[in-house]
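Welcome, and please load the model in your viewer. We will go from one selection to the next and look at what is there.

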Amino acid sequence: MALTGMDIFKQLPKTNCGDCGIPTCLAFAMKLAAGGASLEQCPHVSEEAKALLSEASAPPMRGVTIGEGEYALKIGEELVMHRHEKTFFNPPGLALLVEDTEDGAAVDAKLAALKEATYERVGQTMRADLVAVKNSSGDANTFSDMVKKVMAGIPYPLVLMADAAAIDAAMSAAGPAKPLLYAATADNLDAMAELAKKYGAPLAVKPASLNELAELTTKLNGMGLKDLVIDMGTRTLKETFQNLVFTRRLALKKKQRPFGYPTITFPAEETADDMMETVHAAVYTIKYGGIMVLKDLSPEKAYALYVLRQNIYTDPQRPMQVDQGVYPINNPTEDSPFLITTNFSLTYFIVSSEVEGSKMPAWLGIVDVDGLSTLTAWAAGKFVPERIAAFVNKSDILDKIKHKTVVIPGYVAQISGELEEELQGWKIVVGPREAADIPAFLKSFQPVTA
Amino acid sequence: MAIQAPTESYTGKIRELILGSDTQVAVGGENTLPFYGFEGNIPNGPKIAMEVFDTEPVGWADELQAVIGDVWGDPVAWAKKCESEFGADMICLQLAGTDPNGANRSPEEAVATVNAVVDAVKIPVIIYGSGNADKDSEVLKAVAEATQGKNVVIGPAVEDNYKSVAAAAMGFNAKVAGETPIDVNMAKQLNILMSNLGVPVESILVDPSTGALGYGLEYCFSVNERIKLAALTQNDNMLQSPTISNLGKEVWKAKEAKITQAEAPQWGDQKKRGIIWETLTAISVMMAGADLLIMRHPESVKLIKQTVAELMA
Ligand code: SF4
């Protein structure tokens, strides 16, 4: 349970020396309780009090890192129930399930395809994050071999799903760095805790109830294990969804420390239907999943889930933007039309998608207007002749085309006269208002070449 | 330590609207967040209206052609197929053909199509104009008059035509969907304006606009979610109308849903790609609070129905 300002105040020296930058100990305590200060700011607090109070300054949901280095995945540290309140912070991990009973060649092919399914969208790299290796064979050697095989095939961090003995065997044979060990239950708690300590690895906890979850995480905490991930153990969409809401609320709204950990979910074990598996993962991406383990991450499913995750975890305060510049679409030549629009990612996607769909080659000029759509940017004085002219002049478009015709969005037709004055020697053409009409426009439009 | 399930309760409730006449369908009515059945009552759950167009679609994705290509030149056959084969809760007849920049069909022609469709099915019908505000007010007025007694939904009423569309709905006892561009306050404002004109709140649906997956979904998600939170936690009467999401047309113009496998091998199986794009868009708006989803592909509809069934089991 989180401490109140008064709880904290009792532990402070009460000298009101002001060294913390705040005039009184009481005011400092209040600020600390509200999350607006950190305990390190008071140089006079006793070690004993520090241990007691560090809990109060810890985030309500712990951040847990799986793996090491470039491919490490950090989940947790979420602060809100709804994304518009602040932002959903650490995007959840998508994991591919590999069972050690699967055919070796098939696993190689799956891993190669998974690695291959890496995409770029609005400047972000999108890919899967983890591979979950499951000891379905029941044999420790088979499991070890499969772990080795997966490590050789892909650099992503692992989730090791096996009993303590099999995990220990796989880990001692040059196992992966900081895999997520799955899972500690009431029955094997000590053995799994030992392993997590031995290998410095995060540990999944699988209780039978919310009550048992509190008991298990409290116990593990007492053993010094803090990097925990919760699996509530339910395997239906309804129950898993409910538990994700409950654990998130207990952690964030009730400030119950035993629930303050990210979660792991198993769409792979909830349905045999490949499409429904994607749907379950989508539901958990939207509400409160930390990791989703799937059997099928084929590109058509994976790409949609990556985009969904990107959308949901976008900072709600900041419009998504694309970089200013001139983008070639459909292999344009020096005679191809030159169109401009704004750098609001939505605008960019819709326009570029229509141009692409038209199969007509074109150059698309993206003007930096702080990520606003055309009309909004024009109204805000950002998508205006001076700015557009400056962009055109600064760009290298004249190295690319031999005409001097620029197409502007129909919504800002009113600026065409002024833009013509700003852009001496250029012809300004007013394009369609709606992106959907771009293909028809491009089919009949040809810039005049001098 | 005995942990109590951390349930919450809400002061507000979404209005329940009964649509249609032969087979009636109720939408809204919930007093909790989407699928939070553990702490509230969700009498209806999200409903699905399947799209039917008045004119034969051009340039639609191959996998749509494969399932509805046989009927898409005939709105009546298309609507019947949605009702009997695809399990649609409702039909959403999109009068794209009335667009002055397109086929520019007259209000009379539109009425003929609407009547034929409304008579052919028992389930409720939603009639959406082409999105051209001026033309829509003309067309929707004629449509409301012609369908009086059928308890249809007409829309979208927008800032530029809500007076005439609302008057048509009021005069002929239709329900009306008010559409505003991805903004909570604008959605509320349009609702207030229509109420002030005398439209009973029990006749209004809110359409806060939809961005497809990858194309503004995040904005649309949060607007839907904030509308539901305001309705439930702040008891905001003007945001307690059931919400509608016209998502099919947004999804199926995304290149991820349309492009062929040959053109985009990196995006995987074309047969499933568009269906997944529509399904995940629908999942998102429904998890954010949308009460009525306008959808296009029967497979996506099936997946959403399955999801709703699982979540409400
Ligand atoms: S530095 Fe510590 S002792 Fe001094 S006023 Fe701040 S809290 Fe009190």
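Which residue of chain B forms a salt bridge with Asp119(B)? Select Lys150(B): the closest N and O atoms of this pair are 3.9 Å apart. A salt bridge here is a side-chain nitrogen of Lys or Arg within 4 Å of a carboxyl oxygen of Asp or Glu. Lys150(B) sits in the loop between α4 (133–146) and β6 (153–157) of chain B, while Asp119(B) belongs to helix α3 (residues 107–120) of chain B, so the pair ties together parts that are 31 residues apart in sequence. Helices (H or I, at least four residues) and strands (E, at least two) are DSSP runs, numbered from the N terminus. Lys150(B) is partly exposed at 27% relative accessibility, and Asp119(B) is exposed, with a relative accessible area of 57%. Buried means under 20% relative accessible area, exposed over 50%, and partly exposed in between (1.4 Å probe, protein chains only).

Before moving on, a word on the ground rules. This is a predicted model, in which local features need pLDDT of at least 70 and side-chain atom pairs count only at pLDDT 80 or more, while totals for chains, interfaces and linings use all residues. Residues are numbered from 1 along each chain as its sequence is written, chains are lettered from A and ligands numbered from 1 in the order in which they are written, and side-chain values use heavy atoms, with hydrogens and water left out.

Next, select Lys188(B) and Asp236(B), a salt bridge with its closest N and O atoms 2.8 Å apart. Lys188(B) is in helix α6 (residues 184–196) of chain B and Asp236(B) in the loop between α7 (217–233) and β9 (244–245) of chain B, so this contact ties together parts 48 residues apart in sequence. Lys188(B) is partly exposed at 26%; Asp236(B), at 14%, is buried.

Now go to chain A and pick Arg235(A) with Asp231(A), whose side chains meet in a salt bridge (2.9 Å, N to O). Both of these residues are buried. For a network of salt bridges, select Asp274(A), Asp296(A), Glu300(A), Lys301(A) and Lys272(B) together. Over all chains, the structure holds 33 salt bridges.

Then show helix α11 (residues 299–312) of chain A, which has 14 residues. Of these, 13 are buried.

Finish at the ligand. Residues around it (a heavy atom within 4 Å) include Cys17(A), Cys20(A), Cys25(A), Cys42(A) and His44(A).

Note on methods: The expected span of a helix is 1.5 Å times one less than its number of residues.
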